[in-house]
Amino acid sequence: MHTSHHDEIARRALGAAIADPFFSEALFDALPDVVFFVKDEQCRYVVVNQTLAQRCGQKHKAALIGRTPAEVFGQPFGQSYLAQDMAVLAGGAELDEQLELHLYPNRDPGWCLTRKKALRDSHGRIVGLTGVSRDLAMADKKNPAYRKVAAAVSLIHEEYGRPLALAELAATAHMSVAQIERYFLRIFHLTPRQMIIQTRVDAASRLLKGATSVADIAQACGYGDHSAFTRQFKATTGVTPSQYRQLAVRGN
């Protein structure tokens, strides 16, 4: 549905009349499964919700304000989040439903879907960024198509170590490619490709706690070469497999 000229004028008028541009902060404070933030051009937190503060081990949101991700999270995660922010601020591609494994200072690993968007002034200049990370929701097992799609999920969990084409997953579920993509999003809140990545990274994370070489883990988790595995693992977790192994050993 297109916005009419009259509607756009009313929209701009309301926006100009609102005294506090961060009025949504209080609303996001009420969402325990969503992290929300606004950052300035130097990647410093300007607004955060209570969920982010708590997951960073802080009682008060003020403890994060004015600090960058590198200062809040430390090495190596903070630098990775900072680089992500800088790419958005530079006018690069904005993140849209990026599947990430977040490792907060005070909690166990948790899967999230992250969005980051550049903020622009009235002249179009980028002046900051905003973002949300939603905890991955539980599967909707009440959906009537769940049993069919479950067969494709089982295939992913059992055969993630080899290439899995979308057409094969669709055939396993006796659906078309369009149908299985639609039902995956509706039931699991993930695309089939995102679920494959999640399953492979979960498996790699477990293996990295042992002595298996990174190259062998890459092969076991369905990646044809070491570099492809490292790129995907870092894009998802914020750290390389070797860095993750060091953190896991240190944690034990």
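I take axes as lines fitted to C-alpha atoms, for helices over the stretch in contact, with angles from 0 to 180 degrees between N-to-C directions. Helices (H or I, at least four residues) and strands (E, at least two) are DSSP runs, numbered from the N terminus. I note that this is a predicted model, in which local features need pLDDT of at least 70, side-chain atom pairs count only at pLDDT 80 or more, and totals for chains, interfaces and linings use all residues. Residues are numbered from 1 along each chain as its sequence is written, and side-chain values use heavy atoms, with hydrogens and water left out.

**Entry: α9 and α11**

I looked up helix α9 (residues 192–207) and helix α11 (residues 226–237), whose axes cross at roughly 100° and come within 11 Å. That makes α9 roughly perpendicular to α11 (65 to 115 degrees). For the contact (heavy atoms within 4.5 Å), I listed Arg193, Ile197, Val201, Ala204 and Ser205 from α9, and Phe229, Gln232, Phe233, Thr236 and Thr237 from α11.

I then turned to strand β1 (residues 34–40), where 7 of the 7 residues are buried, so β1 is largely enclosed by the rest of the structure (buried means under 20% relative accessible area, with a 1.4 Å probe and protein chains only). Val34, Phe36, Val38 and Asp40 point one way from β1, while Val35, Phe37 and Lys39 point the other way.

I found β1 joined to strand β5 (residues 126–135) by 7 bridges, running antiparallel, with Asp40 opposite Gly128 in β5; pairing requires at least two DSSP bridges between two strands. Strand β2 (residues 45–48) is also antiparallel to β1, through 3 bridges, and Val47 in β2 is the bridge partner of Val38. In the hairpin of β1 and β2, with 4 residues between the strands, I noted that Cys43 takes a positive phi near 65°.

Definitions and conventions. Parallel < 35°, antiparallel > 145°, perpendicular 65-115°, else oblique. Buried < 20%, exposed > 50% of the residue type's maximum accessible area, 1.4 Å probe, protein only.
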